[in-house]
Amino acid sequence: MIARRLAELVCGRVRVGHFMDTHRRTRRWLNRSRLAAALVGSLAMSLLAAGCNFPNFLTSGASPPAVPPASATAFVPEQATPTPEVVRVWLDPALPLSLQPGVAGVQALAGRRVEPASQVDASDLRAEVRGEIEVSRWVYALAAPFASVEEGLAMEQLQAKWSGDQPDGGPVFVRTEDLAPLQALLGPPSEAVVVVPGEQLVDQAWTARPALALLAFEAIEPRWRVLPVDGQSPLDPAFDPATYPLALSLGVSGQPEVAGALAQALAQAWPASNRDPSRLTRLVMTGVTALTRATAWRMAGKGITYPARDIGDWLRTADITHISNEVAFADDCPSPNPGSDTLRFCSAPENIGLLEDIGTDLVELTGNHILDWGPAAFLNTLGMYRERGWNYFAGGQDLAEALRPVRLEHNGNRLAFIGCNAPGPGYAQAKDNAPGAAPCYDERLLQVVADLRAEGYLPVFTYQWGEADRSSPLPLQEEAFRRAIDAGAVIVSGSQAHQPQGFEFYNGGFIHYGPGNLFFDQMDRMENREMFVDRHVFYDGRHISTELLTGLIEDYARPRPMTAEERLDFLQRMFAASGW
């Protein structure tokens, strides 16, 4: 029928107006089909050549002959391409610099072309801080140089320092790239705020102590001590970005019909936060544990978990909890005697319940006393660790096992642990066919460290060094600990210290020469009662921070958190012993 009406139109047997009025479907067909246009052209030429004598298929209703492909010279009408509607997007200059290219990369939204808006009033959409549709939440940290005694601020105090209402306490350093977002959080800065290039931030803050700094979470590194704000630190296990005052909401505002599309596009370009808890690992490193003598006596009288009563959560909340247990468990261990002056130690097998209670994951075996009760007790102790799924290192059933590192992976962070015993006694050190601790004189140790680093692990090296009643390291101790850093270790820790020792940042690594006792009965000197628990934080394959938890041993067995006054005095002495 369509072909007949077209033929009538060509030969003048129907008026054009009538054809257009009554055959809108035909008109649409012509407009949309290049094949139709070719057919019309071919049909018109044929009819005109035949004197407008209709062929049989137009009068009889038979099928028309096949239409040959349109020639290269056939007329094909151009398809009209509608110009897409434009949506103008304003980019908030307070957005973190690392996120701004993600906004600029959005070219189209819901069929509309995206163009930048130079003024917020001329925009249809806004990518901005505190947008109506949240896309990301950026976390900032308050920090001080590691050798500082500041302990955190209320948000009101931090705001006063920023604005100049509380001018004392030293400058507040800020990286150039963090200034605009922090202004969105805190308002215009005062002269107390010092803006410096990121690579200069930590060095300038150390020089200017006392000083504070505000920096994005991804810029945290070990030479900072991260401080809580309103009681919250982004390093805390229970950190809540929704209630943390230095978390900046980033998102989209504007026309509802396209705001959601922009939010979806930015969710692909932006991370949900610069702090991803699935990439965090917390490792707790401790000092001497010896569940014997007066400590074991208190455990027998007050309960096996009594020593952890006040600090247990420091250990349980870690992802990896390290214990340097210096004493083997033995079935024939005599009842503990708090007045004994013997230095031959053992512990009752049930006392391992304390290590279970605190969430032990990793046992160090560098201690001087691990073979005091003989090889059989030590080998039985290794079996108890294996039964509980605990890893152990720096000691074993023979020299090969003692030198073998433990490799652990958590949240993408690859850690490796290796260590050694320097002072002996010789009977406590492993041999080719005898159990014990790894000796430090074996040259293979540092090569293992280098190989681990080359494999992508972050090596943690522990030393059982010679004991000294001093807070600063011995000269040979300092030399040996530094060699482990030079070989590739990121952290070196001294497990021998009954008296805590100081710290050092050396060649990109962190050294703690001795945390002190954890569970041991030395109460005769205040220096033996003071202790550290080091909480090392790793993020995205880097060591980023060490938190110093400080305690004081009570009742021959039980550490408790220090008071504020005790902690201040302790940290000042330890930093002074570190040359800071």
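Buried means under 20% relative accessible area, exposed means over 50%, and partly exposed is anything in between (1.4 Å probe, protein chains only). The model here is predicted, so local features need pLDDT of at least 70 and side-chain atom pairs count only at pLDDT 80 or more, while totals for chains, interfaces and linings use all residues. Residues are numbered from 1 along each chain as its sequence is written, and side-chain values use heavy atoms, with hydrogens and water left out.

Now for the charged pairs. The structure holds 36 salt bridges, a salt bridge being a side-chain nitrogen of Lys or Arg within 4 Å of a carboxyl oxygen of Asp or Glu. One of them joins Glu134 to Arg137, with 2.8 Å between the closest N and O atoms. Arg137 is partly exposed at 21% relative accessibility, and Glu134 is partly exposed at 41%.

Asp540 and Arg279 also pair up, at 2.8 Å from N to O. Asp540 sits in the loop between β25 (530-539) and β26 (542-554), and Arg279 in the loop between α10 (256-269) and β11 (280-285), so this bridge ties together parts 261 residues apart in sequence. Helices (H or I, at least four residues) and strands (E, at least two) are DSSP runs, numbered from the N terminus. Asp540 is partly exposed at 46%, as is Arg279 at 31%.

Arg388 and Glu356 meet at 2.7 Å, N to O. Arg388 lies in the loop between α14 (375-387) and β15 (391-393) and Glu356 in helix α13 (residues 352-357), so parts 32 residues apart in sequence are tied together. Finally, a network of salt bridges links Arg529, Glu554, Arg560 and Glu566.
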